[in-house]
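Welcome! Have a look at the structure first, and then read on.

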Amino acid sequence: MTYPTVRGPGATQTRETLRRELKSGFRRALGLTVLGTVVPGAGLTQTRSRKVGWALLVVALASTALLAYYVLTTGVTNAALSLVARPNLLMVMAGLFVLGGVLWCGSIILTAIQSRPTRLDRTRTRILAAFTTLMVFLVAGSSFKVAEYATITQSTVAQVFGNTPVKPGQGAQVAEGEDPWAKQARVNILLIGSDAGADRVGIRTDSMILASIDTKTGRTALISMPRNLLNAPLAPKSPLRSIYPSGSFGDPDSTCDQGAGQCMLTNLYVDAENYAKNHPHAYPAGESPGRTEIRGTVQEVTGLKVDQMVVIDLKGFSQLIDAMGGLDINVKLSGYGTKLTIGGEHAPDGRLFGVKGYFEPGFQHLDGWHSLWYARTRAADDDTHRQMRQRCVVQAIVKQVNPAAMVGKYPEIAKILKDNIYTDIPAANLPAFVDLVERVQKAKINSVALTSSVGVFSSNPDYDLVRRLVEKGIAAPKPKPSSSGSSTSTPTKTKTSTPSPTTTPYEQC
């Protein structure tokens, strides 16, 4: 850079003045560029393009104010979910974020150009250019990420929830107003873990748990369906009654489990799918025969209406637990006091083979793979105790999931959901169900065990007894009697030790 030729005593002063002006102008250009990065158009208001800057600034502030007002009046969660429930609006927002990002980046570049001193030296010019480029990348990256998340959300909602409509009289009835559950005292959600591995033929419902939720208090009963339940009652209008006229699954035809001679509840899904292949018009178009039959039979077994279903492949179950950072679980011994196996099967002669390892008892932090095996293992005891372990794992997920922490892994979680989960919960009802989950997390979760210990034998079940047990399990607890007398003494608190796998009753987690 060259300075004007000045002779005499004022020459030094003139060069110093120019240096100070350039230094001050450089700092101003940096400052305005930062300002324009933090607030769209703000830096541009101090340049020749101040009208454009003010226009951008007004639009940005108005949009932010409207968004803040909506979030404050509806709540962060409900605001986000109301957007999630509208896939088309999500795509519009993705496009707006891209357009807004382009305009924002353009305003940053224009701010740097117009605020740059005309005689700025080459070094400072390069520094300003590099800094402006960095600011543009920050804004562009943020805008792109928001647009990407909006697109991922739209795709996930469309695939997991599909176009499930909200039909009057069907599914959970969500009300308008402050309490979305004002119209429904109890919601029953059937949770199914499907065993659809490469070594399986079709889909087997490896685990079935009906979560019956008191919508007012959040108090929840987890009712485990024994997978080897025989003579399960079919729904009154089930197409399968044409081959099982008794109304019981497997009676009189017992070929549904490929020749083993017993039709267990876990075989019902596959049997319905096979029947539909041979009788294409037996079920309404677009309806899953397996899910339809499982829903109807669980309703008949428990006496409760199934409002909604969630089906998850067990591989996805493991991945979701990994995404949430694992689970803290009180790992127990088997029902017979031995260590639980990881894997393992019994040969016809009773010999145990295929064991991949053993669980050490005690409080542990389990990853997805070990959590899944803890819920599935039964080689060391039986299906009755496995049901109890499954309920404990489900309870741990509900109590320990942290939605805020899951946001950082959102793309990963979205892929897991798309690949491994089906639900008939309408997307429009998502805010209500999030509210319900929050109530459940604050309330007590108890278990209803349909096992031999309470008189339910899978080989010859008494379904009247089952329904009585379910009714008792979901009943509200009786209020504790108030203490009488004039005594005002404070009861002494007894210090209890941390329960261990050997002292905690197996029904408790």
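How much space lies in the largest cavity? The answer is about 40 Å³. Please keep in mind throughout that this is a predicted model.

**The cavity and its lining**

The structure holds 1 cavity of 30 Å³ or more. Around the largest cavity you will find D206, S207, M208, M225, P226, R227, D383, R386, Q387 and Q390. Helix α10 gives the largest share of this lining, with 4 residues. Both β2 (204-214) and α10 supply at least two lining residues each. Sorted by class, the lining has 4 charged, 3 polar and 3 nonpolar residues. As for how such a space is found, rolling a probe the size of a water molecule over the atoms shows where empty space is left.

**The disulfide**

The structure holds 1 disulfide, and its partners are C392 and C509, with sulfur atoms 2.1 Å apart. This pair links distant parts of the chain: C392 belongs to helix α10 (residues 383-400), while C509 sits in the segment after α14 (463-474), 117 residues apart. A disulfide is a covalent bond between the sulfur atoms of two cysteines. Why is the disulfide of C392 and C509 called left-handed? The torsion about its S-S bond is about -95 degrees, so it is left-handed.

**Buried or partly exposed?**

The table lists several residues with their relative accessible areas; buried means under 20%, and partly exposed lies between that and 50%.

| Residue | Relative accessible area | Class |
|---|---|---|
| C105 | 9% | buried |
| C392 | 10% | buried |
| C509 | 37% | partly exposed |
| N231 | 33% | partly exposed |
| L240 | 0% | buried |

Strand β4 (residues 308-313) has 5 of its 6 residues buried, so it is largely enclosed by the rest of the structure. Its pairing with strand β9 (residues 421-423) is antiparallel and runs over 3 bridges.

Now turn to helix α12 (residues 410-420), where I413, A414, I416 and N420 are buried. On which side of α12 do they lie? They cover an arc of only 160 degrees around the axis, so they are on the same side of α12. An α-helix has 3.6 residues a turn, so residues three or four places apart point the same way.

**The loop between β3 and α6**

Our last stop is the loop between β3 (220-225) and α6 (268-278), which is where P252 has its place. The peptide bond from D251 to P252 is cis, with omega near 10 degrees. N231 is found in this loop too, and its phi is near 55 degrees, a positive value in a residue other than glycine. As background, most residues other than glycine have a negative phi, and most peptide bonds are trans.

L240 also lies in the loop between β3 and α6, and at 0% relative accessibility L240 counts as buried. The C-alpha atoms of L240 and G250 are separated by 9.7 Å, with the two residues 10 apart along the chain.

How values were computed:
Residues are numbered from 1 along each chain as its sequence is written. This is a predicted model: local features need pLDDT of at least 70, side-chain atom pairs count only at pLDDT 80 or more; totals for chains, interfaces and linings use all residues. Side-chain values use heavy atoms; hydrogens and water are left out. Buried means under 20% relative accessible area, exposed over 50%, partly exposed in between (1.4 Å probe, protein chains only). Two strands pair if DSSP finds at least two bridges between them. A disulfide is a pair of cysteine sulfur atoms within 2.5 Å. On a 1 Å grid over the protein atoms alone, a cavity is a set of points where a 1.4 Å probe fits but cannot get out, and a pocket is an open set with protein on both sides within 12 Å along at least five of seven lines; lining residues have an atom within 4 Å of a point. Grid points are joined across faces, edges and corners, and a volume is the space filled by probe spheres set on the points. Ala, Val, Leu, Ile, Met, Phe, Trp, Tyr, Cys and Pro count as nonpolar, Asp, Glu, Lys and Arg as charged, and the others, Gly among them, as polar. The arc is that of the directions from the helix axis to the C-beta atoms.
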